[in-house]
Amino acid sequence: MKKAPWIILALALVALSGCQKNEPTGPSSGEGLTQTNAQFMVGLVTEGDLVGIPRAPGNFLGGSGGAGKSPLAGLCTFTWSGNGQDLDGDDVPLDAYVEVDCDTTGVMGQDTVHEIVRGRLRGVDADDNDPWVGRAELSGLGGTGLFYRYFEVRSAAGTTTLEHQFGGYLESTHQGNTFGENVDLTQSVHTVTPQGDSTVQVQYTGSLTFTPVDSTWNPGTGAQVDGTLTLNASWVVEQVGSLTVETLDPLQVRVNCNNGDPVSGTLRLSDGTNTLEITWTACNQWTATYNGGPL
Ligand SMILES: [Ca+2]
Ligand SMILES: [Ca+2]
């Protein structure tokens, strides 16, 4: 619960990939919120952290999986355009972007790594005097398509590849001490390991707000803070299909619960016909109902 939605999705997707490998009988493509898929979504929500706490948009760009995180980043080509003014120092320029283009091979320890990173990271700061207001976008080169990252590791144990395509935007605002984000993100992760392969796609559209208990909390310095989280979103999960997701009761998240997991509140997921409700009753404790009955 402590990471930006982008990171949260990435972690959830990695977790989901793991689930698929271990549970080959899991949900298949777009079959709706069946009881099996509802159980799958409970695991995804409670273990994969699909809901999160807002942070400054600059963190989104910095943590987006761009070339800046790569151990081979020094070999990439960066092309800057636009107005890079950043008066509030939130790493979101007035309106500028950088296009990243890399195709590199190197050695990390005993392993050989091949990495390709291609895409555009854009920042548009609607208020360059407020570090918690701004918009961050990820897209393919030229502003179209999806940001692309391919990572291949060859080791004695075999070859593992992670092919990751993602794009969309995250827009951060706040009203006083309530921080909000509008999110429209698409992710596709294709993982291949010596044990097998999996593909996961999730589209996340919606908004969330967070009101910290501590009014001095600084969203750019991490989200390990008590507070109230509301979510209103649409998720398209490849295996399940389209879901509306909302908090019927806002989630109360607490630092002393896994650094920011819920201790109360209810999240409702629906495919338009079937409904799943997850209600947290304490830290690490929740109940789930499916169409009003036990799951
Ligand atoms: Ca700025
Ligand atoms: Ca700003």
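The structure here is a predicted model, in which local features need pLDDT of at least 70 and side-chain atom pairs count only at pLDDT 80 or more, while totals for chains, interfaces and linings use all residues. Residues are numbered from 1 along each chain as its sequence is written, and chains are lettered from A and ligands numbered from 1 in the order in which they are written.

**Overall make-up**
- The protein has three helices and 14 strands; helices (H or I, at least four residues) and strands (E, at least two) are DSSP runs, numbered from the N terminus.
- Of its 295 residues, 39% are buried, where buried stands for 20 or more other C-beta atoms within 10 Å of a residue's own, exposed for 12 or fewer, and partly exposed for anything in between, with C-beta atoms placed from the backbone.
- Take the contacts between residues at least 6 apart in sequence: 59% of them join residues at least 24 apart. A contact here has the two C-beta atoms, placed from the backbone, within 7 Å.

**Strand pairing**
- Strands β7 (residues 178-193) and β8 (residues 196-212) run antiparallel and are joined by 15 bridges.
- Asparagine 182 stands opposite serine 207 in β8.
- On to the next partner: β8 also pairs with β9 (residues 227-237), in the antiparallel sense and over 11 bridges.
- In that pairing, glutamine 203 faces valine 236 in β9 as its opposite residue.

**The nonpolar core**
- The largest nonpolar core holds 49 residues, and the members touching the most others are Met41, Leu229, Trp235, Leu243, Val245 and Leu269.
- Such a core is a set of buried Ala, Val, Leu, Ile, Met, Phe, Trp, Tyr and Cys residues joined through C-beta atoms within 7 Å.
- Beyond its neighbours within four places in sequence, valine 245 is in contact with Gly206, Leu231, Ala233, Ser234, Trp235, Leu267 and Leu269.

**Two asparagines with positive phi**
- Asparagine 284 is not a glycine, yet its phi is positive at about 65°.
- Asparagine 284 sits in the loop between β12 (275-282) and β13 (285-290), and it is exposed, with 12 other C-beta atoms within 10 Å.
- Asparagine 291, likewise not a glycine, has a positive phi of about 50°.

Key. Two strands pair if DSSP finds at least two bridges between them.
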